[in-house]
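Dear colleague,

I am handing over the structure we spoke about, with the sequence alongside. Please open both before reading on, as the notes below follow them.

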Number of protein chains: 2
Amino acid sequence: MATRTSAPRRRLSVDERREQLIEVALDLFSRRSPDEVSIDDIATAAGASRPLVYHYFPGKQSLYESALRRAADELSRRFHEPPEGPLSERLHRVMGRYLDFVDDHGPGFAALLRGGSVAASPWTGAVIDEVRRAAHDQILSHLAIDAPGPRLRLTVRTWIATAEITALEWLADRSIPREELQLRLVQEFVAALTVTVSHDPGLLPAFRDLLAAESPTGPTGSLLGQLTRLLAD
Amino acid sequence: MATRTSAPRRRLSVDERREQLIEVALDLFSRRSPDEVSIDDIATAAGASRPLVYHYFPGKQSLYESALRRAADELSRRFHEPPEGPLSERLHRVMGRYLDFVDDHGPGFAALLRGGSVAASPWTGAVIDEVRRAAHDQILSHLAIDAPGPRLRLTVRTWIATAEITALEWLADRSIPREELQLRLVQEFVAALTVTVSHDPGLLPAFRDLLAAESPTGPTGSLLGQLTRLLAD
């Protein structure tokens, strides 16, 4: 058997090496709980020595935080969606990207959100809250309601928790198909928004416009169609 | 001014004293964050010496855990409701008792649920999960569905989180009236259940029975009436 000779590898610049270590750390921290990842694991996966890793990062917590920072920015970017087309279809696309992210970072996402990990700290809690805030602000901007009041804000906040719990349950037990969860999350938002409007008639004009733009085959239309069929039988 | 003479106080038995210390601790841990309660505060409020408190409890964490145990049992008992009358009205009564509990234990409830308190531990996390489980089981028993599947369980789980977040927001900002939150929580449950049924037609017979028992003036009926009026205009 011939031994393979690889081309000599170009030495990474300081910035490139730092980037590479964060990439490798994020990959490991995504695939395992932080408690199960060591600096040695990261060094090995990066093809670097342990002292080299310590040259860039004081320790595992610092690498974890850099990886989390990167993941949080990535997830927040996925919330961006052009303000075009029916609202439920926009949210459906965002939920698709959200569930992709959750799937790509499953064990790490679960360890972080469930809490109790060795890497949990006030700082990691603040990053989670920052991502929730980004989701909250994106949703409110799509609803296009001037000065949203406490009722609508509460609805958005509780629905974000619903999306988190749904993602955690999906990671733990894949018995409900992903497509169904994606659709269900959107429909739960529409249902919760409907309850909110019933208590806050000031939201009615915006809600009417939103419903008028919905299509019969989108998440809202299919929910209404399905309920009409089921309850008519 | 005449000085009041009080009758000599009977000495408390060991069990009575222990009970009294837990009562006093629960009262203090309800009215303040655990970080702001000391053994001295508990001793003073109980009319006991610091050594006496330490005779019964090794330290503040132990008193906190005994008080939390008592509060958790109390809250779980409030979930019990006779299986009579429309489901939404049963849930409405339970939500009234839940919001009473939250109001009675506001700062302590918020500190515990928001996390990050010095008294938080795997044990306190397990107690929170136990109360959530009690709520989950009570709701499923009222729904009277044999062998509830993953879809319905997920709905109950996410709605319990909605109830927790709603309570926390209410404690932080009383701008939405309590009666409205009580009603809204029930209606959100009915709305989420409706979405679930649309994905799980096996739930349809039970859902139909449930709707048939609802009254036009109850939480479900008033939601439908309000939406019909709003959207008809």
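This is a predicted model: local features need pLDDT of at least 70, side-chain atom pairs count only at pLDDT 80 or more; totals for chains, interfaces and linings use all residues.

Leaving aside residues up to four places away in sequence, A:H142 touches A:E81, A:P82, A:P83, A:L87 and A:R90.

Turning to the two chains, chain A can be laid on chain B by a turn of 180 degrees with a shift of 0.0 Å along the axis, and the RMSD is then 0.0 Å. This is the relation of a two-fold axis. In chain A, the C-alpha nearest that axis belongs to A:A191, at 2.8 Å from it. The same surface serves both copies, in that 100% of the contact residues of chain A recur in chain B.

The interface itself brings 39 residues of chain A into contact with 39 residues of chain B. Between them, chain A and chain B bury about 3400 Å², and 66% of this is on carbon and sulfur atoms. On the side of chain A, the residues that lose the most area to chain B are A:L154, A:R184 and A:H199, which together account for 17% of what that side buries.

A salt bridge joins the side chains of A:E180 and B:R151, with an N to O distance of 2.5 Å. Across the interface of chain A and chain B there are also 14 residue pairs in polar contact, both residues being at pLDDT 80 or more.

Finally, the elements of chain A that give two or more residues to the side touching chain B are helix 8 (150–172), helix 9 (178–199), helix 10 (204–213) and helix 11 (219–232). Helix 9 of chain A supplies the largest share of that side, with 13 residues. By residue type, the side of chain A that touches chain B divides into 19 nonpolar, eleven polar and nine charged residues.

With best wishes

Technical notes. Residues are numbered from 1 along each chain as its sequence is written. Chains are lettered from A and ligands numbered from 1 in the order in which they are written. Side-chain values use heavy atoms; hydrogens and water are left out. Copies are superposed by least squares on the C-alpha atoms of residues with pLDDT of at least 70 in both. Contact means heavy atoms within 4.5 Å. Buried area is the accessible area (1.4 Å probe) that two parts lose on being put together, summed over both. A salt bridge is a side-chain nitrogen of Lys or Arg within 4 Å of a carboxyl oxygen of Asp or Glu. A polar contact is a pair of N or O atoms within 3.5 Å; within protein, one must be able to donate a hydrogen and the other to accept it, and residues adjacent in sequence count only if both atoms are side-chain atoms. Helices (H or I, at least four residues) and strands (E, at least two) are DSSP runs, numbered from the N terminus. Ala, Val, Leu, Ile, Met, Phe, Trp, Tyr, Cys and Pro count as nonpolar, Asp, Glu, Lys and Arg as charged, and the others, Gly among them, as polar.
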